[in-house]
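Subject: Structure handover

Hello,

Here is the structure I promised to pass on. Please open it next to this email and follow along.

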Amino acid sequence: MARSKTDARRTPLNRDRVLATAIALADSDGIEAVNMRRLSQELGVVPMALYKHVANKDELLDAMVDTVVTEIDAPDPNLPWRKAIRSRILSARAMLLRHPWARRVMESRTAPTPAVLAYMDSTIAAFIAGGLSIDLTHHVMHALGSRIFGFTQELYDDPARADQEVPAAAAARLAEAYPHIAAVAASRPHDEHSVVGTGCDDQFEFEFTLDLLLDGVERLHRQGWGSGQEPA
């Protein structure tokens, strides 16, 4: 049962409560719904009361990201590095599925927040603890890119998304002009709960690519690969 505004006013206001309410609002109504006026209404306080806990909306958004990033599981020191990294990245992906707004906020930031930096640092530490060199780890972090946070940035939106009906005649013309694209597109499974929108099975594609990358990293690690050295 939802609490009344009177109950909300009786609960002491603190930073944790402000952030929890902002995150719940973003989860339910989208990040566009999060502003100081709406948040103050949800909390049953005047807008000025919020500024004792967050200086402005940018600080609020950064703190929201830091809060949800801490939901990502820590690397398991008992697992081999490959399994530990894979598990952690999939935990990050699960976090993004719970908080789909977080990706957009992270992409909009000009600098990583402290929790994001801590996450990156501990991910690097897991590679190094697994025996990977600093050199290889440097390149691995570039190769993984946004995947360490559980998503990938596609170059183009899917032209045949399930929520975009393409007339049969237009689809036939596209298939005739670009038969190989049409063949690949027609073969894909569909996912209505994709991080990037309806279309390809985003979870499968994400794990497929992640495993390809980690398999390659493991091969280079076993070869003792270093920068400037041609892969075997």
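**A patch on the surface**

Val46, Met48 and Tyr51 form a nonpolar surface patch, with about 330 Å² of accessible area together. A patch takes residues with over 30% relative accessible area and no salt bridge; like charges are joined within 9 Å, and nonpolar side chains (Val, Leu, Ile, Met, Phe, Trp, Tyr) within 5 Å. Accessible areas come from the Shrake-Rupley method with a 1.4 Å probe, and for residues only the protein chains shown count as cover. Met48 sits in helix H4, residues 47-50. Is Met48 buried or exposed? Met48 is exposed, at 60% relative accessible area. The cut-offs: buried is under 20% relative accessible area, exposed is over 50%, and partly exposed is in between (1.4 Å probe, protein chains only).

**Before you go on**

This is a predicted model: local features need pLDDT of at least 70, side-chain atom pairs count only at pLDDT 80 or more, and totals for chains, interfaces and linings use all residues. Residues are numbered from 1 along each chain as its sequence is written, and side-chain values use heavy atoms, with hydrogens and water left out.

**The chain as a whole**

The chain has twelve helices and two strands. Helices (H or I, at least four residues) and strands (E, at least two) are DSSP runs, numbered from the N terminus. Along the sequence the pattern reads α-α-α-α-α-α-α-α-α-α-α-β-β-α. The chain holds 232 residues, and 36% of them are buried.

**How helices cross**

Start with helix H6 (residues 81-98) and helix H12 (residues 202-223). Their axes come within 11 Å and cross at roughly 155°. That makes H6 roughly antiparallel to H12. Axes here are lines fitted to C-alpha atoms, for helices over the stretch in contact, and angles run from 0 to 180 degrees between N-to-C directions. Angles under 35 degrees count as roughly parallel, over 145 as roughly antiparallel, 65 to 115 as roughly perpendicular, and the rest as oblique. H6 passes H12 in a right-handed crossing. The hand works like this: left-handed if the near helix is turned anticlockwise from the far one by less than a right angle, right-handed if clockwise.

Now take helix H9 (residues 134-144) with H12. Their axes come within 11 Å and cross at roughly 170°. H9 and H12 are therefore roughly antiparallel to each other. Their crossing is right-handed.

Helix H5 (residues 57-69) meets H7 at roughly 125°, with axes that come within 10 Å. That makes H5 oblique to H7. The crossing of H5 past H7 is left-handed.

**Salt bridges**

Side chains of opposite charge can pair when their charged atoms come close. How many salt bridges does a search of the whole structure find? The search finds 15. Each one is a side-chain nitrogen of Lys or Arg within 4 Å of a carboxyl oxygen of Asp or Glu.

Arg104 pairs with Glu32, and their closest N and O atoms are 2.6 Å apart. This pair links distant parts of the chain, 72 residues apart: Arg104 is in helix H7 (residues 101-108), and Glu32 is in the loop between helix H2 (15-29) and helix H3 (36-43). Arg104 is partly exposed at 48%. Glu32 is exposed at 52%.

Arg86 and Glu207 meet in another salt bridge, at 2.9 Å from N to O. This pair also links distant parts: Arg86 in H6 and Glu207 in H12, 121 residues apart. Glu207 is partly exposed, at 23%.

Arg222 and Glu218 form a salt bridge too, with closest N and O atoms 3.5 Å apart. Both lie in H12, four residues apart, about one turn of the helix. Arg222 is exposed at 70%, while Glu218 is partly exposed at 22%.

Which residues are linked in a network of salt bridges? They are Arg82, Arg86, Glu207, Asp211, Asp215, Glu218 and Arg222.

Ala126 lies in helix H8, residues 114-129. Ala126 counts as buried, at 12% relative accessibility. Ala126 and Ile85 are 41 residues apart in sequence, and their C-alpha atoms are 7.1 Å apart in space.

Ser40 is in helix H3. Ser40 is buried, with a relative accessible area of 2%. Ser40 and Leu50 are ten residues apart along the chain, and 7.0 Å separates their C-alpha atoms.

Best wishes
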